[in-house]
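Please open the structure in your viewer and keep the selection panel at hand.

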Amino acid sequence: MMTCLEFRRRVGAEPFASDPGIEAHRRECPACARHQDDLRAMDGVIRRALAVDPPSRTASPVAAPAGATRRRLFAIAASLVVGAAVGVVLLVSAPRDSIAREVVGHVAHEPGAVDSTVPLAPVALAQVLDPDGTRLRPGIGEITFAARCTFDGHVVPHLVVQTPQGPVTVLMLRHRAIDEPLRIDEQGYRGIVLPAPKGAIAIVGSGITDIDAVAQTVFDAVDWGG
Amino acid sequence: MNRGDYDTDRRRRFGTLCESLRPDLLRFAWWLGRDRGLAEDVVQESLLRAWKSFDSLEDEGKAKSWLLTIVRRELARSFEKKRPELTDIDSLVAAESAVLAAPEDERVEEMRNAIFRLDEEYREPLVLQVLLGYSTQEIADLMGMQQGAVLTRLFRARARLRQQLGLQPEGES
């Protein structure tokens with residue numbers, strides 16, 4: 001049986017860790033369960049804190065080291081040698097391609113988000129949804145991950161919902177207006193981006209057989225607020 | 001596939017990788033180097049190195065780890081070549097205040113400052129785990145450490161953050 005100290009050292013390193021030992025200890029020790037919930041909530045803040053806008057001297061001019069300027073000039077010259085097409089990509093690349101690629105790219109970069117099967121504490125979920133005034137109606141399924149992530153330069157709620165068909169990732173894209181549903185089928189992920197009362201909502205999963213049914217359930221459960 | 005088609009396809013594939021991974025590479029480099037100019041230069045140089053050896057990448061599904069490894073090496077080279085001019089943490093915080101500011105949430109700004117002040121040995125695995133979604137084994141592989149050592153660093157990273165933020169550190173030995 002895992003002791004409280006062992007439990008706290010484990011979840012202190014991996015707040016979203018979930019195995020039979022951890023689950024058993026959570027059931028028997030409410031104080032440790034609360035501690036893990038606190039750590040998970042703190043990780044949501046850590047995630048938001050780490051998701052700085054990609055640094056850019058053009059956006060926030062601060063004197064760079066002189067050597068850095070020389071190195072940048074060298075890099076630009078080298079990129080011209082490599083090829084104009086690649087140079088353009090390296091110098092000005094920004095995630096402005098299709099929304100499908102952006103969604104899949106975001107999901108693929110956070111594979112650990114879908115690993116946890118432990119329902120998130122309501123307080124942790126509220127910290128992610130409250131800033132936008134979003135609410136979830138009953139019936140959406142267990143939420144096992146919630147974070148506010150940077151997506152396309154905006155901070156957006158990122159949830160993982162456990163559905164009968166498996167976990168799906170939900171991104172609430174209030175800043176992104178679309179006219180019609182957009183299907184996603186890339187890199188093993190299937191999903192759909194739907195026009196929402198405020199912006200759009202992306203629902204994506206891996207190995208989901210009926211994404212439309214899952215998406216409808218999720219869509220119906222989101223209250224976008226006034 | 002003729003040579004022209006091959007080159008076009010190679011550039012397209014590399015361009016797609018750059019588009020999707022460059023923001024995270026920049027964030028990673030910034031959190032490690034704590035300097036915008038350095039982060040941009042390191043990522044730029046790393047992508048150039050990556051382009052030159054792109055053919056050696058056998059599985060594009062492992063591109064992120066491959067690129068992060070290149071960025072880590074490039075950062076190390078940068079520090080070997082030139083010792084950072086600013087070593088005082090308060091000066092670093094002041095210099096990077098524009099990036100550290102989080103106008104949408106005071107808690108996030110406090111946390112960002114606390115992470116910024118963490119020693120690199122704790123900051124790096126935390127960035128890899130929380131921002132980039134790496135498992136502790138993947139972090140161990142990338143950093144050339146034992147998984148147990150990574151777990152210890154992650155535990156201590158969170159304990160130090162809790163301490164900095166005025167919360168009770170838990171069970172640190």
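**First stop: a helix pair in chain B**

H1(B) and H3(B) cross in a right-handed manner. The model on display is a predicted one. On the H1(B) side, highlight B:Leu17, B:Leu21, B:Leu25, B:Phe28, B:Ala29, B:Leu32 and B:Gly33, which meet B:Ala63, B:Lys64, B:Leu67, B:Leu68, B:Val71 and B:Leu75 of H3(B). Coloured by class, this contact shows eleven nonpolar residues, one polar and one charged.

Two further selections belong to this part of chain B. Begin with B:Arg34, located in the loop between H1 and helix H2 (36–52) of chain B. Most residues other than glycine have a negative phi. B:Arg34 is not a glycine, yet its phi is positive, at about 55°. Is B:Arg34 buried or exposed? B:Arg34 counts as buried, because 22 C-beta neighbours fall inside 10 Å and the threshold for a buried residue is 20 or more.

Next, select B:Phe79, a residue of helix H3 (residues 63–81) of chain B. B:Phe79 has 13 C-beta neighbours inside 10 Å and therefore counts as partly exposed.

**Second stop: the largest nonpolar core**

Which residues touch the most other members of the largest nonpolar core? They are A:Leu50, A:Ile203, B:Ala29 and B:Val71, in a core of 97 residues. Helix H1 (residues 3–33) of chain B is the greatest contributor to this core, giving eleven residues. B:Ala29 and B:Val71 were already selected at the previous stop, as part of the contact between H1(B) and H3(B).

Now centre the view on A:Leu50. Leaving out residues up to four places away in sequence, A:Leu50 touches B:Arg27, B:Trp31, B:Ile115, B:Val127, B:Val130 and B:Leu131.

Select helix H7 (residues 120–131) and helix H8 (residues 136–143) of chain B, which pack at an angle of about 135° with their axes 10 Å apart. H7(B) is therefore oblique to H8(B). The crossing of H7(B) past H8(B) is right-handed. To display the contact, show B:Glu124, B:Pro125, B:Leu128 and B:Gln129 from H7(B), together with B:Ile139, B:Leu142 and B:Met143 from H8(B). This contact comprises five nonpolar residues, one polar and one charged.

Continue to B:Gln164, in helix H9 (residues 147–164) of chain B. There are 16 other C-beta atoms within 10 Å of B:Gln164, so the residue is partly exposed. Which residues does B:Gln164 contact, leaving aside its neighbours within four places in sequence? The contacts are B:Ala114 and B:Arg117. A distance label may also be placed between the C-alpha atoms of B:Gln164 and B:Glu110, which are 54 residues apart along the chain and separated by 9.3 Å.

Turn to chain A and select helix H3 (residues 30–50) and helix H7 (residues 122–129), which pack at an angle of about 15° with their axes 9 Å apart. H3(A) and H7(A) are therefore roughly parallel to each other. H3(A) passes H7(A) in a right-handed crossing. From H3(A), show A:Asp37, A:Arg40, A:Ala41 and A:Gly44; from H7(A), show A:Val123, A:Ala124, A:Gln127 and A:Val128, and the contact is complete. By class, these residues are four nonpolar, two polar and two charged.

Finally, zoom out and colour by secondary structure. Chain A holds eight helices and eight strands, whereas chain B has nine helices and zero strands.

Colouring by burial gives a further view. In chain A, 43% of the 226 residues are buried; in chain B, 45% of the 173 residues are buried.

Of the contacts in chain A between residues at least 6 apart in sequence, 55% join residues at least 24 apart. In chain B, residues 24 or more positions apart account for 54% of the contacts with a separation of 6 or more.

How values were computed. Residues are numbered from 1 along each chain as its sequence is written. Chains are lettered from A and ligands numbered from 1 in the order in which they are written. This is a predicted model: local features need pLDDT of at least 70, side-chain atom pairs count only at pLDDT 80 or more; totals for chains, interfaces and linings use all residues. Axes are lines fitted to C-alpha atoms, for helices over the stretch in contact, and angles run from 0 to 180 degrees between N-to-C directions. Helices (H or I, at least four residues) and strands (E, at least two) are DSSP runs, numbered from the N terminus. Angles under 35 degrees count as roughly parallel, over 145 as roughly antiparallel, 65 to 115 as roughly perpendicular and the rest as oblique. A crossing is left-handed if the near helix is turned anticlockwise from the far one by less than a right angle, and right-handed if clockwise. Two residues are in contact if their C-beta atoms, placed from the backbone, lie within 7 Å. Ala, Val, Leu, Ile, Met, Phe, Trp, Tyr, Cys and Pro count as nonpolar, Asp, Glu, Lys and Arg as charged, and the others, Gly among them, as polar. A nonpolar core is a set of buried Ala, Val, Leu, Ile, Met, Phe, Trp, Tyr and Cys residues joined through C-beta atoms within 7 Å. A residue is buried if 20 or more other C-beta atoms lie within 10 Å of its own, exposed if 12 or fewer, and partly exposed in between; C-beta atoms are placed from the backbone.
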